[in-house]
Amino acid sequence: MHWRKPLILCLLCALCLPALAQRQKSRAGKSTYTQKRYNYNSARVRGAKAKVVCPIFEHSKYPYHGIGFKLGDPFAITYKYYASSKFAVAVDVGRPASSLYSRYYGDKFDEYVVRDTFSTSDAFIVPITHKVKLDIVGDIKLLYHFDVTKISQGLQFYVGAGWEIRKTKVQYDYTYSLGEFNSVDEFGRFERDRLTMGPELVMGIEYSYFSIPISAFMELEHFTDIHADPGTTRLQGGVGLRYIF
């Protein structure tokens with residue numbers, strides 16, 4: 001029984017030695033130092049295929065354009081002009097997530113109904129509901145990019161500032177009575193147009209290491225209103241994709 005182990009070892013050596021010899025032969029003419037330095041064992045990609053697996057943005061080919069969509073607050077069509085590897089301008093136009101501001105618009109009822117419907121505040125008014133009939137937002141941002149490819153190939157971090165304008169139309173329904181004896185409640189409805197604008201700060205990350213000319217991004221924005229409700233702030237943001245050309 002003790003002769004089996006040496007026999008198995010001999011068979012393994014007979015099978016492995018030719019393969020090792022062939023591998024050493026293929027490395028002939030290259031020292032171990034040269035092989036390690038230039039990584040001769042790694043896969044090499046050249047020509048048109050290299051452009052597919054490498055990041056989209058090449059320093060020698062700026063400017064670039066990007067167009068796509070953004071999901072979040074707002075849901076928007078987004079365009080970005082990459083002037084250089086450091087600077088870019090982004091423009092978003094779309095519809096805000098109105099449901100996030102439902103309570104905010106509801107709290108505005110008392111302010112709007114007295115001014116728009118009654119000459120005094122003596123009437124007994126009961127709000128029923130409100131509905132956003134129009135909500136459009138647009139912004140433009142100047143961005144500065146930081147190269148963080150040491151963290152991940154194709155990754156960029158950016159910060160910037162811009163200006164946002166938002167147009168909103170809200171419809172309010174309510175019942176009211178004038179406080180007289182045996183008075184009947186009446187139904188009322190009115191609409192309020194709002195124009196909001198102000199500066200915004202933005203920060204985000206962008207990733208472009210794909211096999212197709214697509215850039216993915218995620219960003220967070222801090223908006224300050226200076227028109228409809230001066231001093232009011234809110235956080236916005238979202239994720240999206242752009243086609244780069």
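Reader: Just opened this one. Arg234: buried or exposed?
Author: Arg234 counts as buried, at 17% relative accessibility. Buried means under 20% relative accessible area, exposed over 50%, and partly exposed in between, using a 1.4 Å probe and protein chains only.

Reader: What am I looking at, and how are things counted?
Author: This is a predicted model, where local features need pLDDT of at least 70, side-chain atom pairs count only at pLDDT 80 or more, and totals for chains, interfaces and linings use all residues. Residues are numbered from 1 along each chain as its sequence is written, and side-chain values use heavy atoms, with hydrogens and water left out.

Reader: Okay, which residue forms a salt bridge with Arg234?
Author: Glu164 does, with the closest N and O atoms 3.5 Å apart. The two come from distant parts of the chain, 70 residues apart: Glu164 is in strand β5 (residues 155-177) and Arg234 in strand β8. Strands here are DSSP runs (E, at least two residues), numbered from the N terminus. Glu164 is buried as well, at 1% relative accessibility.

Reader: What counts as a salt bridge, anyway?
Author: A side-chain nitrogen of Lys or Arg within 4 Å of a carboxyl oxygen of Asp or Glu. By that rule there are 16 salt bridges.

Reader: What does Arg194 pair with?
Author: Arg194 meets Asp229 in a salt bridge, 3.3 Å from N to O. Arg194 sits in strand β6 and Asp229 in the loop between β7 (214-224) and β8, so the pair ties together parts 35 residues apart in sequence. Arg194 is buried at 7% relative accessibility, and Asp229 is buried at 14%.

Reader: Which residues are linked in a network of salt bridges?
Author: Lys70, Asp92, Lys141, Glu219 and Glu221.

Reader: Switching topic: which ring does Arg242 sit over?
Author: The charged end of Arg242 is over the ring of Phe217, 4.0 Å from its centre. The rule asks for NZ of Lys or CZ of Arg within 6 Å of the ring centre and within 35 degrees of the ring normal. Arg166 likewise lies over the face of Tyr101, at 4.3 Å from the ring centre.

Reader: Where does Phe69 lie?
Author: Phe69 is in strand β1, and is partly exposed at 36% relative accessible area.

Conventions:
Helix = DSSP H or I, 4+ residues; strand = E, 2+ residues; numbered from the N terminus.
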